[in-house]
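Try each task before you read its solution.

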Amino acid sequence: MRSSTSRRAVWWLRRDLRLDDNPALLAAADEGPVLALFVLDDALRSPSGPVRLAFLYRCLRDLDERLSGRLCVRAGRPDEVVPAVAREVGADVVHIAADHGPYGRDRDDRVARALAADGRELRRTGSAYAVAPGRVTSSEGTSYRVFTPFYRAWKEHGWRAPAAGAADPDWLDPRSLPGSGAAIPADPDLEGTRLPAAGEAAARERLRAFLRDSLAGYARHRDEPAAEVTSRLSPYLKWGCVHPRTVLHELHQAVTATSDGRGGSRGESGGGSESPGDLSGAAEKFRSEVAWREFYADVLAAHPSSARSDFSDTLATMAHEPPGDAFEAWKRGRTGYPVVDAGMRQLLAEGWVHNRIRMIEASFVCKDLHVHWTHGARWYLERLVDGDLASNNHGWQWTAGTGTDAAPYFRVFNPVSQGRRFDPEGEYIRRWVPELRGLPAGEVHEPWKRPGGPPDGYPLPVVDHAAERREALDRYEQARKSGGHRGD
Ligand SMILES: Cc1cc2nc3c(=O)[nH]c(=O)nc-3n(C[C@H](O)[C@H](O)[C@H](O)COP(=O)(O)OP(=O)(O)OC[C@H]3O[C@@H](n4cnc5c(N)ncnc54)[C@H](O)[C@@H]3O)c2cc1C
């Protein structure tokens with residue numbers, strides 16, 4: 001893997017905290033001894049929240065251990081730290097995986113200019129996606145605004161196999177620089193949130209366990225929060241502990257092995273045994289979910305302002321309420337709507353929430369409380385271990401009706417019927433809302449209807465859903481009449 005020249009290279013990691021399937025690392029190792037660098041950048045740390053930071057620090061500690069204590073960690077502005085480290089080790093080239101987010105792109109341009117001023121180069125190899133944002137375009141050469149045609153084009157485009165060449169410690173620069181792994185900060189106070197195991201090995205184990213135990217039931221049960229059949233890979237994908245290309249490859253292998261009859265009996269959650277045909281249906285569903293992550297990154301790369309403001313101006317004149325007491329009650333899981341509260345308590349306890357529940361939460365904030373999606377999105381980013389600007393803010397916008405796919409604003413999630421439909425026995429609610437553990441399925445979704453009201457100090461609903469639904473639809477009509485719609 002190493003060339004005969006003895007130049008040194010810096011491998012600057014950001015969202016690719018792994019040694020396997022890492023083209024930027026392999027490109028660096030081709031130059032000569034590699035210095036692995038992580039920069040603690042306050043512009044990214046400040047909005048991250050304790051949960052995501054703690055997970056990041058744990059991933060960095062794991063990586064430092066795998067690098068025998070030779071991960072160089074420095075705090076400061078990347079456009080100052082990266083050129084300084086390159087100078088210290090005499091590296092001509094700094095290798096990175098391209099970042100397509102609004103901040104990351106600007107930051108990397110600044111670092112590239114600072115390095116160039118010093119006669120050095122920033123070289124981008126690969127990205128955090130199976131297909132780099134910007135690669136898949138419509139026949140007019142524009143980026144997609146709707147998922148289904150994107151997904152078709154994305155599959156047609158295809159992706160590379162995982163990068164060959166396992167990382168081998170022999171490429172490491174033997175010197176340790178000041179600012180080693182010991183500079184990784186201690187975990188911030190997690191306020192009781194329990195995190196998943198961090199690091200690359202944990203990510204691969206999660207992927208293996210998902211493919212072995214849950215994939216078969218994925219298509220049928222993925223919308224049931226109590227079933228626990230989704231992969232929970234999102235925190236690992238967020239930090240690049242595993243690359244989506246590896247995930248897609250392993251998925252393909254799992255399905256092929258089964259249809260070849262080599263897969264043996266496959267574990268299954270929440271249903272009878274599945275045939276290979278079913279498994280390929282489940283794999284297709286899972287692949288499409290991975291593609292949503294790619295789609296939102298693509299949309300954000302093409303429309304950077306959609307991170308903070310409405311992607312579509314359909315509802316530009318919509319009236320919103322400032323976040324008040326009911327919004328605070330939502331943040332703490334005390335709205336009086338059991339499925340909403342269960343989700344928010346899961347968020348506080350695990351830093352992760354099931355996708356169906358995220359949609360119910362977002363609908364509640366936007367359509368029952370009439371609070372602008374940006375407020376809910378910000379709280380999610382503060383508490384999520386997988387918090388990702390593209391997936392989060394576009395997930396919120398999709399539900400608010402301002403995002404991609406023209407999700408109709410008048411689709412208002414009813415928290416009671418959503419609970420009944422996706423958690424019919426109330427298992428998920430009872431798991432997260434101890435006050436409701438004693439209630440039977442017939443009462444758990446509407447505890448305020450019991451003769452004595454809700455049990456054990458559980459609150460009455462902070463709003464009347466039926467009334468707020470009408471209010472949301474009125475506001476929608478007003479916004480449409482006043483001409484915010486641009487017709488796309
Ligand atoms: C309001 C809202 C906010 C969200 N915020 C985030 C976020 O900050 N970070 C994040 O990674 N995902 C976010 N999502 C998407 C989705 O909820 C999570 O990716 C998913 O719940 C993670 O669980 P999993 O890994 O078990 O998913 P699985 O069902 O196992 O899916 C596998 C992978 O596909 C991707 N994926 C699945 N569903 C989506 C989706 N709807 N949009 C984008 N990618 C998806 C994720 O990378 C996920 O890990 C949000 C969705 C909504 C509705």
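**Exercise 1.** Find which residues of H3 meet which residues of H14.

*Solution.* Start on the H3 side: Gly-49, Pro-50, Val-51 and Arg-52 make the contact, where contact means heavy atoms within 4.5 Å. Across from them, H14 brings in Leu-381, Glu-382 and Arg-383. Next, sort these residues by type: three are nonpolar, one is polar and three are charged. For that sorting, Ala, Val, Leu, Ile, Met, Phe, Trp, Tyr, Cys and Pro count as nonpolar, Asp, Glu, Lys and Arg as charged, and the others, Gly among them, as polar. Finally, look at the geometry: the axes of H3 (residues 49-66) and H14 (residues 373-383) come within 4 Å and cross at roughly 35°. Axes here are lines fitted to C-alpha atoms, for helices over the stretch in contact, with angles from 0 to 180 degrees between N-to-C directions. Helices (H or I, at least four residues) and strands (E, at least two) are DSSP runs, numbered from the N terminus.

A quick word on the model: it is predicted, so local features need pLDDT of at least 70 and side-chain atom pairs count only at pLDDT 80 or more, while totals for chains, interfaces and linings use all residues. Residues are numbered from 1 along each chain as its sequence is written, and side-chain values use heavy atoms, with hydrogens and water left out.

**Exercise 2.** Decide whether the crossing of H7 and H9 is left-handed or right-handed, and say which residues make the contact.

*Solution.* Begin with the axes: H7 (residues 200-221) and H9 (residues 244-259) come within 11 Å and cross at roughly 35°. The crossing is right-handed, that is, the near helix is turned clockwise from the far one by less than a right angle. Then list the contact: H7 supplies Arg-204, Leu-207, Leu-211 and Leu-215, and H9 supplies Thr-246, Val-247, Glu-250, Leu-251, Ala-254 and Val-255. By type, that gives seven nonpolar, one polar and two charged. The spacing has a simple background: an α-helix has 3.6 residues a turn, so residues three or four places apart point the same way.

**Exercise 3.** Trace the strand partners of S1 and S2.

*Solution.* First, S1 (residues 8-13) pairs with S2 (residues 34-40) in the parallel sense over five bridges; pairing takes at least two DSSP bridges. Trp-12 stands opposite Leu-37, and Leu-13 has Phe-38 as its bridge partner. Second, S1 also pairs with S4 (residues 91-98), parallel, over four bridges, with Arg-8 opposite Ala-91. Third, S2 pairs with S3 (residues 72-75), again parallel, over four bridges, and Leu-40 is partnered by Ala-75.

**Exercise 4.** Explain why Trp-11 counts as buried.

*Solution.* Locate Trp-11 in S1, a strand with five of its six residues buried. Trp-11 counts as buried because its relative accessibility is 0%. Lastly, its C-alpha atom is separated by 8.6 Å from that of Phe-38, 27 residues apart along the chain.

Methods:
Buried means under 20% relative accessible area, exposed over 50%, partly exposed in between (1.4 Å probe, protein chains only).
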